Amino acid sequence: MDFNDTAVEAAYREQVRGWLADNAAEYREPPATPWKLDEFIRRSKAWQAKKHAAGYTGITWPKAMGGQGLTPMHSIIYGQEEGRYHAPSGLYSIGLGMCIPTVFTHGNSEVIQRYVPKALLGEEVWCQLFSEPAAGSDLAGIRTKAVKDGDDWIIDGQKVWTSFAHASDFGIVVCRTDPSVPKHKGLTMFIVDMKAPGMEVRGIKQMSGGSDFNEVFFTGVRVKDTHRLGAVGDGWKVALTTLMHERLAVGGKPRHAPGYETLMKLARGVEAPAGGPAIEAGDVRQRIAQSYINDQGIKLTQMRALSALSKGQIPGPEQSIAKVVVAKTMQDMASFALDLAGGDGFVSGDAADPEIAKLQGSYLGAAGLRIAGGTDEILRNIIAERVLGLPGDLRPDKDKPFNASAAA
Amino acid sequence: MNFDFSDDAKALGEQARKLFADKAGTTAARAAMAKDATDFDAALWAEIAGLGWTAARVPEAHGGLGLSAEETCQLAEAAGAHLAVVPLVSVLLATEALILAGSEAQQAKWLPGIADGSIIAVVATNEPGAVNPVALSVKAADGKLHGVKSPVADLPGAHLAIVAAAGADGPSLWLVDLKDARVEAVETLDLVRRHGKLTLNGVAAEPLGDGAAYQAWLDRAAVILAYEAIGTASSAMTMTVEYAKTRVAFGQTIGRYQGVKHKCADMFIKIELARAHALHGVAMIGSDGGELRQAAAAARVASLDAVSFCAEEAVQLHGGIGFTWESDCQFYYRRARALAATIGARGWWADRLVRALELRNRAAA
């Protein structure tokens with residue numbers, strides 16, 4: 001048993017390291033002040049083009065789609081090495097991670113040729129238009145409708161929680177095309193131009209204070225039938241392709257989120273409620289141990305998955321525990337640490353200690369992470385049903401026409 | 001990256017699970033519960049020895065197969081899963097101590113008998129009223145031990161005890177030939193596994209390695225016992241999931257209710273976290289990697305959390321039937337306490353984990 005690369009993996013890592021050393025030097029340190037949106041987009045596009053020219057985009061994609069035709073391990077190794085730098089990341093993660101694989105799996109040759117190369121090159125940015133105000137966990141309950149009009153479809157409705165909608169050129173949108181059949185059966189997926197007449201994007205301000213998402217309004221937006229992905233009524237199946245990629249993407253602890261080390265550091269500097277250094281208090285040490293077990297347990301679980309991938313096998317079902325553990329552990333650890341800091345843990349803004357500010361950010365952000373990409377509750381359902389084989393929840397609306405169910 | 005058991009170790013685990021599924025399990029456990037307190041399943045033990053399981057970890061020079069800790073952990077998980085009424089885990093723990101700390105003469109004296117199954121060796125760390133396996137009341141002086149070890153798993157009928165005792169240089173392990181010692185059966189919450197009390201009134205003992213060897217053995221023991229606990233936890237989960245698929249309430253199987261299925265999902269989550277750390281531990285034993293102490297402590301804590309949670313929620317999700325004497329739930333519920341009471345309490349190991357992290361931080365600074 002070992003944590004080493006195979007010879008092939010080691011050679012690829014060496015090659016990637018060399019390339020990054022030559023090309024990512026300006027990103028060795030984080031930016032002194034965070035980039036504004038337009039600079040972030042400009043840098044993201046330049047970086048993507050550079051990577052593309054060197055063959056580090058679409059690493060696992062088929063060569064026919066402009067990819068490299070390599071294994072998931074190659075992609076993971078590239079990600080690990082790029083992760084040592086602070087290059088702009090995130091702008092393409094949804095588009096290239098989820099949308100475009102859906103386009104080249106379900107689109108016709110015309111749209112594939114039109115959209116895939118420019119997306120890979122980073123010239124065009126993509127977003128995913130799935131969630132709605134009344135359809136979160138129950139995604140198949142969406143109401144945005146698309147109605148056939150000659151060779152076109154006309155879309156009306158509202159999407160929400162769309163990352164980078166304001167920076168996107170195109171999106172994939174799932175719409176209800178037939179409300180008279182049960183909810184999973186009346187959906188269809190389309191490619192939509194984010195600049196088309198009738199599209200309106202508004203930022204959402206989150207409880208954490210950030211604005212990472214948008215709501216998107218559709219008013220009589222016209223889409224060509226050639227821009228349909230999959231058959232009419234097959235939108236749910238198509239969406240599952242996309243979401244499969246999302247579950248892989250929303251996994252471990254966010255790279256710079258505080259973990260057990262932060263709690264240890266804080267506990268060395270503050271006094272325990274019963275007196276003495278907090279780091280010597282039994283309850284504090286128990287919490288440090290618990291944080292380590294959860295944080296490191298997920299990292300090690302992911303290494304089990306990498307080992308399977310490295311051998312060309314499919315990772316085991318244990319991967320499904322990652323997000324449900326990570327998000328709640330972040331929240332629990334942050335609230336415990338902030339309480340330990342007393343009044344200082346509560347003071348925010350310029351007066352706050354930078355380490356405390358990070359913990360506050362983690363505490364606020366964790367509340368969103370427990371919901372994004374599958375709530376804790378939905379993820380437990382998935383573990384129980386798909387891993388343990390327990391029966392699905394009772395769904396009274398499952399077989400009823402959508403327009404006859406309580407939601408419509 | 002190759003963070004997984006070898007195919008050979010997995011194959012041995014598979015063989016063990018098959019044999020135990022056939023010849024151990026809860027029916028055998030129930031039969032054992034009714035029997036005399038010094039019995040274990042001698043026929044099954046002979047079969048195990050014949051298959052080479054007790055020889056697996058013993059070096060070839062001493063009549064064994066010279067296999068790795070991976071094989072030991074696979075066997076421990078299988079034994080834990082099927083509550084096997086044999087002293088296998090005790091013998092595996094003792095074997096680990098002998099190969100880690102034994103002199104050539106000590107290994108030559110004891111390991112061949114362990115390998116062929118004729119010597120039952122156990123480990124005695126527990127003391128009445130103690131939760132800390134390095135603050136010991138049993139003292140070693142002039143090659144003799146004084147004090148009481150209890151409860152000691154699989155002690156009745158055993159031939160050799162590896163005893164943790166405080167000598168002039170602090171806590172370490174000692175070999176005690178049990179023909180010279182006073183052994184009494186002790187009743188514990190675990191009605192299946194035999195436990196005993198070892199009274200040491202100046203009994204002759206040989207030192208087995210030094211204090212550092214004892215610490216290193218504690219780490220290895222924590223990993224092996226974590227696999228036993230993971231096996232037991234997994235069986236409690238499987239039994240509960242199967243019940244939830246068939247038991248009907250309010251017109252549907254109870255496994256459809258989120259109140260039930262989310263607890264089953266939490267069982268899985270806790271078991272997989274424990275597995276991740278336990279596997280880290282095995283990898284570190286195999287490579288003498290620097291992270292064994294933290295991996296072992298995390299495996300110990302996470303596996304105890306998993307087995308307690310699974311055993312407790314197994315009774316709960318079975319409802320009234322789970323609380324009856326006839327239900328098999330009680331075996332896991334009781335065994336969870338036996339596992340928690342060996343080699344030091346959960347809280348001591350959680351503290352040991354943090355101490356290991358502090359040491360690592362100081363080394364890095």
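This is a predicted model: local features need pLDDT of at least 70, side-chain atom pairs count only at pLDDT 80 or more; totals for chains, interfaces and linings use all residues.
Biologist: Okay, which residues does the cis peptide bond join?

Modeller: Look at S150(B) and P151(B), with omega at about -10 degrees. P151(B) sits in strand β3 of chain B, residues 144–153. Helices (H or I, at least four residues) and strands (E, at least two) are DSSP runs, numbered from the N terminus.

Biologist: And which residue of chain A has a positive phi without being a glycine?

Modeller: That's F164(A), with phi near 60 degrees. You'll find F164(A) in the loop between β3 (152–163) and β4 (170–176) of chain A.

Biologist: Is F164(A) buried or exposed?

Modeller: The rule first: buried takes 20 or more other C-beta atoms within 10 Å of the residue's own, exposed is 12 or fewer, and partly exposed is in between, with C-beta atoms placed from the backbone. F164(A) counts as buried because it has 25 C-beta neighbours inside 10 Å. Chain B has a case too: D154(B), not a glycine, has a positive phi of about 60 degrees. D154(B) lies in the loop between β3 and β4 (160–167) of chain B, and it counts as buried because it has 24 such neighbours inside 10 Å.

Biologist: What does Y92(A) touch, leaving aside its neighbours within four places in sequence?

Modeller: Contact means that the C-beta atoms of two residues, placed from the backbone, lie within 7 Å. Y92(A) is in contact with Q48(A), G122(A) and V125(A). V125(A) is 33 residues away along the chain, yet the two C-alpha atoms are separated by 6.6 Å. Y92(A) itself belongs to the loop between α3 (72–82) and α4 (93–106) of chain A.

Biologist: Last one: at what angle do α9(A) and α10(A) cross?

Modeller: Axes are lines fitted to C-alpha atoms, for helices over the stretch in contact, and angles run from 0 to 180 degrees between N-to-C directions. Here the axes of α9 (322–340) and α10 (354–369) of chain A come within 8 Å and cross at roughly 145 degrees. Among the residues that meet are A327(A) and M330(A) in α9(A), and L359(A) and Y363(A) in α10(A).

How values were computed:
Residues are numbered from 1 along each chain as its sequence is written. Chains are lettered from A and ligands numbered from 1 in the order in which they are written.
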